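Good morning, and thank you for joining.

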Amino acid sequence: MTSARWPLLAIPAALLLAVIYVWPSLDLFRTAFNETGATGAMIEAFSLKVWRDLLADPFTYELTVNSLWLSVTATSIALCVAYPIALFLFRTDTRFRGLLAVMAIMPMLVSGVVRIFGWLTILGDQGMVNSAARWLGLISTPMRLLFNWTGVTIGLAESILPYMILALLAGFGRLDRALEEAARSLGASPLRTFVRVTLPLSLPAIVLAAGLGFVLSMSAYITPKLLGGGRVFVLATEIFEQATTNANWPMASAMALYTLVLMLAFLGLSSVLSRRLAQ
Amino acid sequence: MAYLELTGLEKRYRDAVAVADVTLAVEKGESVALLGPSGCGKTTTLRMLAGLAAPDRGRIAVDGTDITDLPAHRRNMGYVFQSYALFPHMSVARNVTFGLEERGVAAKERAARAADALEMVRLKELGHRRPRELSGGQQQRVALARALVIRPSVLLLDESLSNLDAKLRQTMRREIRDLQRTLAITTLFVTHDQVEALAMCDRIAVMNHGRIEQVGTPADVYERPATRFVAGFVGSVNVLPATRDGQGGLAVWGMPIPGIASFAQGDADVFVRPQRMRLVAASENVAPDVPRLKGKVAQSIFIGDQVETVVSGEGGQVTVQSLSGAPTPQAGTEVQVVWKVEDTLIFSREAS
Amino acid sequence: MLRRRQFLQLGGAMLAMPSLARAQAPRGQITLMAYTGIFQDNYMATVVEPFQKAFPDIKVNYAPGGTSAAMLGNIRAQKADPQVDVVIMDVTTSSIGNAEGLFDKITPTEAPSLNELYSEARAVGGDFGPAVTYDHLVIIYDTQTVKPPLAKLADLWREDLKGFLSISAPPNIQGLALTCMVEKMEGGDHRSSINKAVKKLRELSPGVKTFEPNPDGATLLLNGVVKVATGWNARSQLYHDESKGRIGVLLPPEGSVFQINTINLTAGSKNKAAAAAFVNYALSQAAQKAFTERLYYAPTNAKAQIEPKALARTAATPETRARMIPVDWMEIVKIRDQWNNRWRREIIAAN
C-alpha cells in the first residue's frame with residue numbers, strides 16, 4: 001500500500017524539477033546550435049559552427065585541464081580538512097554538538113563578497129598569514145596568496161568544505177563506534193583501527209563527498225572570479241564571461257553542455273565506485 | 001590472590017555516577033554474572049575492564065598484573081558486543097582472524113586457529129560469507145569465535161543474548177556455558193536477565209546504583225539475599241509491611257510472625273517468596289510456631305506448570321505459587337497462607 | 001538650493017512637452033531597464049522623477065538590470081512578450097539587440113530631441129536608439145599613498161606602483177579601452193595593430209595585483225589592497241566626492257576612450273507612445289543637464305547647457321574632446337575575441 005503511493009508523493013518534486021531544470025536545460029541545448037554573428041548577434045540556426053569553434057580551440061582544452069586540476073586539488077584539500085571534522089562531529093557526545101555542527105556549515109551562509117574581504121584579511125599582503133610568516137622571519141617580502149591559483153584553490157576548498165562535511169556525515173551510516181571498539185579489543189592500535197576499520201567503512205562517504213566537492217568545484221565561478229584576480233581561467237568562469245559580458249549565448253551554451261557532459265561522466269564513475277565500495 | 005581483581009572502581013560521566021565503588025574478585029576459570037537493572041553500571045564496569053572506558057578511581061589486575069592504565073589493544077580481553085560488532089566489510093573468516101593478524105600470528109597458524117574457532121561454534125562452512133548474510137544466532141557465534149580465537153585472559157559478554165529470540169537464547173545460553181566450562185575460560189558477563197545469570201554463571205554479582213549489593217552463588221543470592229534490593233530483583237517475592245507487636249516481635253496483617261524475636265528496632269518488611277508459601281484450609285489447625293496469614297482467595301492464575309493464587313487479607317495481597325494439577329480453591333474461599341520460619345526474610349525499611 | 005534645482009528640472013520638462021502635447025498625450029505605464037546601484041539612484045532623481053511630473057499620466061517602473069549583457073538576455077527572453085519598453089545599455093550590447101531585431105528604430109518625429117544630439121551620438125545607433133550618456137576610462141589612485149600624484153597614463157609603469165595595480169582586462173570594456181589607449185601612447189593605432197600595446201602591457205603584468213577587481217577597483221583602493229585602478233569617469237568622480245578627495249581621478253593626457261550607453265525602444269512595446277516620450281525626455285537638454293551635473297556622465301545633447309564646474313569633470317569640454325581616441329565599438333566587437341586571447345596568453349600569463 002505504502003509503496004504504491006510513493007510515486008504520487010514524488011510528483012510535485014518531479015514537476016518542480018521539470019519546470020526549473022529540465023525545460024531550461026532543453027533551451028540551453030537548443031541555443032548551443034544557434035550561431036553568433038561577427039558583432040555578437042545571435043542567429044537562429046541549426047548548425048554545428050559553435051561546436052566546431054569550441055572543439056577546435058586549444059584554449060578549450062586548457063580550460064578543461066584547469067577546471068579538472070582545480071577541482072581535484074580543492075576537493076582533496078577540503079577532504080583532508082572535512083574528514084576529521086566530520087568524524088569528530090559524528091562521534092562527539094558533547095552537548096555543544098549541535099552548535100559545532102552549525103559552526104561547521106556556517107560558511108554556506110556567507111555571501112561571496114563578504115567572503116572575499118575575509119580572505120583579504122587572511123591571505124592579503126598585509127593579511128594574517130603573511131604577517132605571521134614575516135614575524136616568524138620566514139619571509140621578507142609577502143607571499144602571493146591571493147588573486148592567483150593559490151588563492152582560488154584555498155578559497156574554493158573552503159567554500160565546498162561545509163557541503164563535504166554534510167556529505168560525509170550523511171555517508172557515515174555504517175560507521176558504528178562498537179566496530180572500532182571491537183577492533184581495539186582484538187588488539188588493533190588506534191592507528192591500525194583507523195586503517196583497517198574506520199577508513200574502509202567511511203570510504204563510501206569519502207567517495208560521495210569527493211564527488212560532490214568535485215562537481216561543486218567544476219561549477220564554481222564565484223570563487224575563481226573573486227579570488228583569481230583575472231588570472232584563473234576555468235570552464236565555469238569562461239561560460240559566465242561568454243554569457244554575461246559577451247552576450248554570446250550559443251558559445252556559452254555549448255560550453256555549458258560540454259562541462260555538463262564532463263561532470264556527468266565523472267558522477268557516473270564516482271557513483272559506480274561508491275556502490276562497489278559499499279558492498 | 002584471585003585471577004581477576006577489580007578494586008574500588010569508580011566512573012563518573014559529567015555529574016552522573018555510573019560506577020560508584022566496585023570491588024570484585026574472580027577466580028581463574030570462573031564465570032561471574034554482573035546482574036542488575038539498566039543503568040546500574042554493569043556495562044560500564046565491563047567496558048573499564050576491556051579498556052574501552054577509563055576508571056576515575058580504582059584498579060584492575062589480571063593474574064597479579066595491574067592493567068588499569070593499559071590501552072584496550074594490549075589487554076587481551078575477548079569482548080562480545082551486544083550488537084556483535086562484526087566487521088561488515090570483511091568475511092566471517094577475516095573477522096575471526098582479525099585479532100590474530102593484529103597479534104602477528106603467522107598465516108598458517110591463523111588459518112588453523114580460525115578454522116578451529118569456527119568449528120567450535122559450528123560455523124565451519126560459513127567462513128567465506130559476509131556477516132550480513134548470517135542469521136542473528138550465527139552472527140552471535142561468529143562474535144564469540146572472534147573473541148575466543150585470540151585466547152583472551154578474560155571473556156567479556158555484554159548482554160550478548162538480548163538480541164536473540166527466546167528459544168534461540170536458551171540454546172545459546174547452554175552452548176556458551178558449555179564452551180566456557182570446556183575451555184575453562186574466566187568469564188564475566190553482563191545481563192539484566194536473572195534467568196540468564198542463574199543459568200550461566202558460577203557466581204552472581206548483583207549491582208544497583210553503581211555498586212555491588214551482593215556476590216554469591218546463585219543459591220546464595222536467591223536463598224539468602226543480603227539486601228532488600230537483591231531479594232526483590234532476583235526471583236519474585238511478596239513484600240509484607242510488618243508492624244511491631246507488644247513483645248518486640250513483628251506482626252503481619254495482625255498475625256505475629258514466629259521465630260524472629262531477635263529482630264532489631266525500626267520498621268521492617270517481611271519478604272517471602274511465592275513458591276515457598278502454601279495454602280491450607282481456614283479450618284486447619286496450624287502449629288503456633290508456623291508463620292501464617294489469613295485471607296480470602298481473590299483469584300487464581302494458571303501459568304502452565306504453576307498456579308498463582310492471589311490472597312487478600314486485611315493488610316493487602318499476597319501471591320502464592322503452587323504446582324498446577326492439585327485442586328485450587330474457588331475465589332472467595334477463606335484460606336490460610338503458611339510458610340517455614342527459615343523462608344522468612346526481614347529487611348528494615350530505613351535501609352532501603 | 002535643492003528646491004531651485006528641482007524647479008529648473010521641472011521647467012525643462014515643461015519646455016520639452018509642447019511638441020508632444022500637440023498630439024494625443026500619451027498615458028499608461030512603461031518599464032525602463034537600466035543599471036542598478038548608483039546609476040539607478042541618480043537617474044531616478046534627475047530624469048525619471050521630473051519626467052513623471054511633466055507627464056503625470058505616465059508611470060515609469062525602473063527595472064534594475066545587471067550588466068548590459070544580462071539586460072540583453074532579459075530582452076531576448078521576453079522577445080515574444082516584452083515586459084520592458086525602454087533599455088539603457090552599452091553600445092556594444094545594444095548593437096547586438098539592433099541586429100537581432102529586439103529594438104525598434106526611433107525617428108525625430110517620435111523623439112524630436114534626436115535633432116539636438118551630437119552627430120556622432122545619433123550616428124552610433126544608426127536609425128536605432130542613440131547615445132544617451134558618454135563616459136570614459138580614467139585612472140583612479142589613492143592620493144594618500146601615491147606620491148607624486150599620477151599625472152599621465154605612462155605613470156602606471158612607475159616602479160613604486162608595482163604590485164598595487166588593478167587593471168580590468170578584456171573582455172571587460174575597460175580592458176578593451178585601455179588597449180586602445182596604450183597603443184596610442186606607444187605611438188600606434190589600434191585599428192591596424194595592438195602589438196605595441198601588448199608589448200607594453202606585458203611589462204606591466206607582473207605588477208598587477210588583479211586583472212579582475214571585485215567588487216570594483218575603487219573598493220580595493222579604499223581597502224588598501226591596490227593604489228591605482230582603472231575605472232569609469234562618472235562613478236569615479238562620485239567616489240572622489242564620497243571619499244573626500246582620497247580617490248584621485250586622472251583623465252590621461254595621452255587620451256582616453258568613450259564608453260557609450262544608448263537608449264533603446266523595445267520592439268513590440270505595448271506602450272510605444274509613452275516609451276518614445278520617455279526617450280525624447282531622456283535625450284532632452286533638461287534631462288541631460290541634470291544627469292550630467294549629478295553624476296558627471298558627459299551629455300549627448302549638444303545644446304545642453306552644463307555648469308562649467310560639472311562640465312570640467314566630464315570629457316565634454318572642447319579640449320578634452322579633442323584628446324579622445326576615436327573608437328568604433330562595432331569594429332572592436334568583431335576582434336574582441338582576438339584581443340581577449342592576446343591578453344590571456346601574452347599579458348596576463350606574463351607573471
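**Cavity, interface and pocket**

The count of cavities of 30 Å³ or more comes to 1. Please bear in mind throughout that this is a predicted model.

The largest cavity has a volume of about 30 Å³. Which residues line the largest cavity? They are B:Leu157, B:Glu159, B:Ser160, B:Leu161, B:Phe189, B:Val190, B:Glu196 and B:Met200. Two elements of chain B give two or more residues to this lining, namely strand E8 (187-191) and helix H6 (194-200). By class, the lining of the largest cavity holds 5 nonpolar, 1 polar and 2 charged residues.

I turn now to the chains. There are 2 pairs of chains in contact, and chains A and C share the most contacts. Chains B and C, by contrast, do not touch, and their nearest C-alpha atoms are 49 Å apart.

Let us consider the contact between chain B and chain A in detail. Chain B contributes 26 residues and chain A contributes 23 residues. About 2,100 Å² is buried between these two chains, with carbon and sulfur atoms giving 56% of that area.

How many salt bridges are there between chain B and chain A? The count is 4. One salt bridge joins B:Glu102 to A:Arg196, with the closest N and O atoms 3.0 Å apart.

On the side of chain B that touches chain A, the elements giving two or more residues are strand E6 (77-80) and helix H2 (92-102) of chain B. Of the elements on that side, H2(B) gives the most, with 5 residues. The classes on the side of chain B that touches chain A are 13 nonpolar, 4 polar and 9 charged residues.

Finally, I come to the second largest pocket, which has a volume of about 1,000 Å³. Its lining comprises 29 residues, and those nearest the centre of the pocket are A:Pro24, A:Leu28, A:Thr31, A:Trp249 and A:Ser253. Which elements give two or more residues to the lining of the second largest pocket? From chain A they are helix H1 (2-31), helix H9 (190-219), helix H11 (235-244) and helix H12 (249-278), and from chain C there is helix H4 (68-77). The lining of the second largest pocket divides into 17 nonpolar, 6 polar and 6 charged residues.

Methods:
Residues are numbered from 1 along each chain as its sequence is written. Chains are lettered from A and ligands numbered from 1 in the order in which they are written. This is a predicted model: local features need pLDDT of at least 70, side-chain atom pairs count only at pLDDT 80 or more; totals for chains, interfaces and linings use all residues. Side-chain values use heavy atoms; hydrogens and water are left out. On a 1 Å grid over the protein atoms alone, a cavity is a set of points where a 1.4 Å probe fits but cannot get out, and a pocket is an open set with protein on both sides within 12 Å along at least five of seven lines; lining residues have an atom within 4 Å of a point. Grid points are joined across faces, edges and corners, and a volume is the space filled by probe spheres set on the points. Helices (H or I, at least four residues) and strands (E, at least two) are DSSP runs, numbered from the N terminus. Ala, Val, Leu, Ile, Met, Phe, Trp, Tyr, Cys and Pro count as nonpolar, Asp, Glu, Lys and Arg as charged, and the others, Gly among them, as polar. Contact means heavy atoms within 4.5 Å. Buried area is the accessible area (1.4 Å probe) that two parts lose on being put together, summed over both. A salt bridge is a side-chain nitrogen of Lys or Arg within 4 Å of a carboxyl oxygen of Asp or Glu.
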